[in-house]
Amino acid sequence: MLIIGLVGAALVGPLYTWRNSDTVSVRRFGIASAVAVAGAAVSPIAMGQCGFAAEATGVDALFAYGLMAGGALLALMALQALFDRADGKVKESTAMAGEIRTGGYRMGWWVPWLLLSPTLIILLVFLYRPAVETFTLSTQLTRLGAPKSVDVCFSNFTEVLIDNPFKLVLYPLLAIGAVYGARFWTRRSLPGSASHRAAGVASVAAMLSVFVALYAMFSPGGGGQIAYRPIYINTVIISVGIVALGMIGGLAVAYLAFRDIRGGTLYRTLLIWPYAISPAVAGVLFFMIFDPTAGVFTHVMDSWFGIDVPNYREHAVLAQGAIILASAWKILGYNILFYLAGLQTVPIDQIEAAVIDGASAWQRFTKIVLPALSPITFFLLVTNLTYAFFEVYATIDFMTKGAPAGKTSVAIYEIIRVGVNNGDLGRGAAQSVLLFIAVIGVTLWQFRTSGSRVSYGGA
Amino acid sequence: MAGLAPGVQRRGMVRGRKWPFHLGLTATALIIAFPLLYAALIATQNNPEIFSFRVTPGTALRSNFEAVWVNRDFAGAMWNTVQMSFYVTAGKTVLSLLAGLAFVYFKFRGKWIVFFFVLVTLMMPTEVMILAMFRMVSGFGWQDTMTALVAPFLASATGAFLFRQHFANLPGELLEASQIDGASPIKFLTKVLIPISWNVIAALSVIQFVYTWNMFLWPSLIIRDEARQVVQVSLQTLTNIDGALTYGPLMLAAIIASIPPAIVFLLLQKRFMSGFAIGQDK
């Protein structure tokens, strides 16, 4: 079984180089083949071929092949970077923007390394090392504080997924196919045509299909599997809620506040100060507001409107809504700050021209202001998402502690609950790896999209 | 459509009636301030006053303060947090300055590898590896120490790249003039680069100070000794005083815990905004 993977890697290596390199030669094909095999061999060597062991299931073998493919691809990408440098293809303007200048210090080779060494040592010890250890832990059964551990291969991962290797391959392939299909359609259709607009709708649907595919892949529990699907749903609901509310609110307030008006600076300060508030304090403040006995929200709803609001900590929708509201309030100042800066770059002459052409205020906003803000929107999308993934932990810990019945337990909260409170390091680490993959996905999406789809018009 | 001449029309100038904007902005500012104003009211009240939903300041501010500051030693937690935030902010700034200096003003083999080594850490948030880091730092025997709170956060890709970009946009003559004077790189950094970089330094410092001050998850894991805890986590002990939930002290503590980052933010707001405009330049 292992041989199939290695032979596959040996064949894919030259193919990858042939597709991506400017100059191709038999020597390069040979190197690529060897590098791909080496990359693919890393994970079976590190894990002792456990995915192909006699008692392993189809899903285990799937993981083993997936890791081999990932290792081969990473090795090939690194090799391609070397080839590109040899071809002189690396664009100095992108990666190394502006830092290579005429002159520069001509001192011993060790001087820049000395200057960089504190940064590199800290990054190596406190980021790279724990990252590698997270992957190691995720394949083990380890208790917190216990010296011994047992290798469990991929079972920490397979138990949060559905137990069906066929579907586990099919669903992501369908989602990827939908995304690429929509992209192909968008490129082929003429801008402005009905077909192009339909392709735009299809692109959104394709993006949504990625979420649906993930939903279908996570196990709903039962049959010895861990119910990770509810955690996934909570994370999606709460993250999307925070990002949507925080960004739409931030843009609306900034659009109101960016005008030249007497006292503008004071207004701006009064709008952005929650930036300095911590997620923990945000949790405390909204804990007070929504408190079922002493909070003003319940009291006002009851005495003014006669609505008997249930205890939010026992009601899933209310609990999630309270978390979203508290987090969106906290991040609002940050978003206003950036949108205020972004609104300074909106081309004023275009707005004046649109006024003369008789465009309505709404048309001016959607046709001129929004496109000009797209780089900021895109940047905020990523930072807000990061906030919603991680910083929300403190807010949840103060407001609901995951209640009711785990309905406000998002991915990061579950990692701490499993890994620290239950002391189950291996399972917690496996969930960390899932979150890690999500973060890498968002970041790569950011790198790919910024520059291509985002408008950098104006100055 | 009078007054469209360039130079006369200021950006986003409001034409016509202005009071709707004043009204809208005042209302928005009040809505945003509401959670804090409400907490300030509660901070002055004792539990009976809170349950009667009085909207006037209560009589318990002093006793609430004593419960927080004296009985629970919130002052100690504040001091721990001041130290942690100061060390992290100062350390990160210095390390980022040194890294920016090396990236921009030196040519050396393997620079692009170092560049990618640092760049990749942008997609490695501490939170996704927090379990492994908790185990590793505990293994160092650093539990309940300031080192555990500070050391992991001393380096940052964001800071290094911010200074790299800022230095790269400065005129190259600065270096030439300094080299003619025979100044060392460190002298060039302290005498030339830092004095003209205060806006960027201030922007980075505000971001780092607020970020560090507001840290919750890592201190809650690695610090178990209440006397060494930071304020954000110490707030949790105030949800329970003498077996009952007392709202007043909790709200007061939340406000006190927010004062230092708010002051730093307000004091450096102007520099922050202008340093930020530089950082945003492509």
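Modeller: Leaving out anything within four places in sequence, Val152(A) is in contact with Thr139(A), Gln140(A), Leu141(A) and Gly426(A). Keep in mind that this is a predicted model. Val152(A) sits in the loop that joins β2 and α6 of chain A.

Cys153(A) has 22 C-beta neighbours inside 10 Å, so it counts as buried. Its backbone is worth a look too: phi is positive, about 55 degrees, although Cys153(A) is not a glycine.

Chain B has a residue with a positive phi as well. Phe53(B), again not a glycine, has phi near 55 degrees. You'll find Phe53(B) in the loop between α2 (47-51) and α3 (61-71) of chain B. With 13 other C-beta atoms within 10 Å, Phe53(B) is partly exposed.

α15(A) packs with helix α17 (residues 425-449) of chain A at an angle of about 175 degrees, the two axes being 11 Å apart. An angle over 145 degrees counts as roughly antiparallel, so that is the description for α15(A) and α17(A).

Who does the touching? On the α15(A) side there are Phe378(A), Val382(A), Leu385(A) and Phe389(A), and they meet Leu435(A), Val442(A), Gln446(A) and Thr449(A) in α17(A). Sorted by type, the residues of this contact come out as 6 nonpolar, 2 polar and no charged.

Pro404(A) lies in the loop between α15 (361-399) and α16 (411-421) of chain A. The peptide bond from Ala403(A) to Pro404(A) is cis, with omega near -10 degrees.

Finally, zoom out to where the chains meet. The contact takes 79 residues from chain A and 83 residues from chain B. On the chain B side, the largest share, 12 residues, comes from helix α1 (residues 19-43) of chain B. The side of chain B that touches chain A divides into 64 nonpolar, 11 polar and 8 charged residues.

Definitions and conventions
Residues are numbered from 1 along each chain as its sequence is written. Chains are lettered from A and ligands numbered from 1 in the order in which they are written. This is a predicted model: local features need pLDDT of at least 70, side-chain atom pairs count only at pLDDT 80 or more; totals for chains, interfaces and linings use all residues. Two residues are in contact if their C-beta atoms, placed from the backbone, lie within 7 Å. Helices (H or I, at least four residues) and strands (E, at least two) are DSSP runs, numbered from the N terminus. Ala, Val, Leu, Ile, Met, Phe, Trp, Tyr, Cys and Pro count as nonpolar, Asp, Glu, Lys and Arg as charged, and the others, Gly among them, as polar. A residue is buried if 20 or more other C-beta atoms lie within 10 Å of its own, exposed if 12 or fewer, and partly exposed in between; C-beta atoms are placed from the backbone. Axes are lines fitted to C-alpha atoms, for helices over the stretch in contact, and angles run from 0 to 180 degrees between N-to-C directions. Angles under 35 degrees count as roughly parallel, over 145 as roughly antiparallel, 65 to 115 as roughly perpendicular and the rest as oblique.
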